Amino acid sequence: MTPLDKKDVLTNVATARILRPTSKVLPEDGRAHNRAMLLQHLFHAGPTSRAQLARATGLTRVTVSDLVNDLRAEGLVAELDAEPEGRVGKPAARLRLRTDAFQIVAIDLTDAAHLHGAVVDLEGTPVHRLVSPVEDRQGAAALAAVTDLARALVAKADKPLLGVGIGSPGVVDDDGTIVEAPNRGWFDVPLARELSTALSLPVHVANDADAAVLGEFTYGGASVDGVLVVRVGQGVGAGIVLDGSLVQGRGHAAGELGHVTVVDDRDDVDGAPLGRAERCACGRLGCLETVLALPAVRRRVAGLDAAQSETVLGAIGRRLGICLAPVVAALNLSEIILAGPADLLGGAVCDEALRAIEERTMPVTSRGLKMRMTGLGEDGTLLGAAVLVLSGELGFS
């Protein structure tokens, strides 16, 4: 399959900080931005007339018609049969985004043992899925496994492909280079460039937690004002969207909450149900990952009865809340979403985390804060990888 041929696109989710274009810009940047605004509106609002598009975006009808003609020629937009509106005159024809006419290859590299991939349509519906064992492969061998999975998924696509999106553990820069992912043995690996060359397709790569928050933002109904997704797996990471922008930080390492110290032997840790501070993989003592990462949670509740398990999970949730309280105070978030197994993270962990946040912040910063489990199940990062392509190739999310 070949990528969609376009001239005016926003080329990278990291450089296109604003995820949802909402207003006109300068003429030199205007066409790509205005095009993205139309696609954005059609994606979220559904079939719409040209006049409604002009009102919603603030663009002139002439500009809208010109852009729509280009989008129809590219096959991205189709015109529906006009429907009577109960008033005199010719009914306005409505336009729809052809979400089923193009596909995206999305890959989630978070699982230590397996690579997960899917071909999805623009609505985020998986059309084909593949799972590939990665075992203990690292470095060049791990890169080869990712390339093989991507090739297999590209071969399964039966519609034109917009590109390939990948959510990877580690620190990822704007160019899709894995700056550091020790569990894969990757250091300064230009993953986006390598795969783009191998596949002859645009490839967009981001940290897996950043991808997860994009998945929630676009497909999971997350708050557009300020949302933080805590992704819990072999490790713990967080992705943040604030005021419609993906927060990445100076060194592309925003959201590394897993390595904040939350257990300190110098104080009493919730009556000590969590025990003494443990050594983290990063070399430090008492990091959040030593408490909240799935292997740690499962080990702590193994063999306990329901009441004992509830006590330990509540203590874990409290430590998470203590870690998140200053983040909520600094950013005034609207919503926190936990991504991971609901049987472990729902209930006591979620409830106690929210309670700890509320106890440790001013009411004005945490009032109305919601904390919930993801509604996307295990597909959050996978769908976020698809959003990387939507944003990078079409300029909207």
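So, Glu335 stands opposite Lys370 in E16. That pair sits where strand E15, residues 335-339, runs parallel to E16, with four bridges between the two; strands here are DSSP runs of at least two residues, helices are H or I runs of at least four, and both are numbered from the N terminus. Two strands count as paired if DSSP finds at least two bridges between them.

Before I go on: this is a predicted model, so local features need pLDDT of at least 70 and side-chain atom pairs count only at pLDDT 80 or more, while totals for chains, interfaces and linings use all residues. Residues are numbered from 1 along each chain as its sequence is written, and side-chain values use heavy atoms, with hydrogens and water left out.

Okay, back to that sheet. It's open, with five strands in the order E14-E13-E12-E15-E16, and the pairing is mixed. Which strands stand at the edges? Strand E14 (245-247) and strand E16 (370-373), each with a single partner strand, so one side of each has no neighbour in the sheet. From one strand to the next, the twist averages 20°. Helix H11, residues 348-360, packs on the sheet and touches E15 and E16, contact meaning heavy atoms within 4.5 Å. The direction of H11 makes about 165° with that of E16; angles run from 0 to 180 degrees between N-to-C directions, and axes are lines fitted to C-alpha atoms, for helices over the stretch in contact.

Next, strand E5, residues 114-121. Six of its eight residues are buried, that is, under 20% relative accessible area with a 1.4 Å probe, protein chains only. On one hand, E5 runs antiparallel to strand E4 (residues 103-108), joined by six bridges, and Ala106 has Ala118 in E5 as its bridge partner. E4 and E5 make a hairpin with five residues between them. On the other hand, E5 pairs with strand E6, residues 126-133, antiparallel again, over seven bridges. There, His116 stands opposite Val131 in E6. The E5 and E6 hairpin has four residues between its strands, and Gly124 takes a positive phi near 85°.

Last one, two helices. The axes of H2 (residues 50-57) and H3 (residues 61-74) come within 9 Å and cross at roughly 115°. Who meets whom? Arg50, Ala51, Leu53, Ala54 and Arg55 in H2 meet Arg61, Val64, Ser65, Val68 and Arg72 in H3. By class, that contact has five nonpolar, one polar and four charged residues.

Note on methods: Nonpolar A, V, L, I, M, F, W, Y, C, P; charged D, E, K, R; others polar. Buried < 20%, exposed > 50% of the residue type's maximum accessible area, 1.4 Å probe, protein only.
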